[in-house]
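Please keep the structure in view while going through them.

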Amino acid sequence: TAYRRQRQMCIRDRVKLEIAVGDDLAPQVVETIQQTAGTESIGDGKIFVFDLGSATRIRTGEAGETAL
């Protein structure tokens, strides 16, 4: 007979956040997400931080960090 190992699987809703902030707020945002969204379980997700080339607010035409 074959031995089979059963795993209990918990399907969770997935959420994707896309947040644009200035360089000064990035560390605080990452820390806040880790503290509030983390469950210390497999599948908590990842946080990617990268440079944003530019941002423009369509309504006002503001550009750069003022558009954020």
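1. Val15 is exposed, because its relative accessible area is 68% and the cut-off for this class is over 50%. The model is a predicted one, and in it Val15 belongs to the segment before helix 1. Together with Leu17 and Ile19, Val15 makes a nonpolar surface patch of about 330 Å².

2. The protein chain has 68 residues, of which 4% count as buried. Its secondary structure consists of 1 helix and 0 strands. The accessible surface comes to about 7,200 Å², and carbon and sulfur atoms hold 50% of that area. Among contacts with a separation of 6 or more, 36% are between residues 24 or more positions apart.

3. How many salt bridges does a search of the whole structure find? The search finds 2. In general, side chains of opposite charge can pair when their charged atoms come close. One of the salt bridges joins Glu18 to Lys16, with 3.3 Å between the closest N and O atoms. This pair meets the criterion because a side-chain nitrogen of Lys or Arg must lie within 4 Å of a carboxyl oxygen of Asp or Glu, and the distance here is 3.3 Å. Both partners, Glu18 and Lys16, are exposed.

4. Glu18 is located in the segment before helix 1. The relative accessible area of Glu18 is 67%, so this residue is classed as exposed. In sequence, Glu18 and Ile47 are 29 residues apart, while their C-alpha atoms are 9.9 Å apart in space.

5. The other pair to note is Arg57 with Glu62, a salt bridge in which the closest N and O atoms are 3.6 Å apart. Arg57 is partly exposed at a relative accessible area of 28%, and Glu62 is partly exposed at 31%.

6. The surface also carries a charged region. Which residues form the negative surface patch? The patch is formed by Asp23, Asp24, Asp51 and Glu65. Asp23 is placed in the segment before helix 1, and this helix spans residues 26-37. Asp23 has a relative accessible area of 66% and is therefore exposed.

7. Glu40 deserves attention for its backbone. Although Glu40 is not a glycine, its phi is positive, at about 60°. Glu40 is found in the segment after helix 1. Why is Glu40 counted as exposed? The reason is its relative accessibility of 82%, since exposed means over 50%.

8. Lys46 and Gln34 are 12 residues apart along the chain, and a distance of 9.3 Å separates their C-alpha atoms.

9. Phe50 concludes the list. Where does Phe50 lie? Phe50 lies in the segment after helix 1. With a relative accessibility of 66%, Phe50 is counted as exposed. Phe50 and Ala20 are 30 residues apart along the chain, and their C-alpha atoms are separated by 9.7 Å.

Key. Residues numbered from 1 in each chain as written. Predicted model: local features only at pLDDT ≥ 70, side-chain atom pairs only at ≥ 80, totals over all residues. Heavy atoms only, no water. Patch = residues over 30% accessible without salt bridge, like charges linked within 9 Å, V, L, I, M, F, W, Y side chains within 5 Å. Areas by Shrake-Rupley, 256 points an atom, 1.4 Å probe, with all protein chains shown as cover. Lys, Arg positive; Asp, Glu negative; His and termini not counted. Charge placed at Lys NZ, Arg CZ, Asp CG, Glu CD. Helix = DSSP H or I, 4+ residues; strand = E, 2+ residues; numbered from the N terminus. Buried < 20%, exposed > 50% of the residue type's maximum accessible area, 1.4 Å probe, protein only. Contact = heavy atoms within 4.5 Å.
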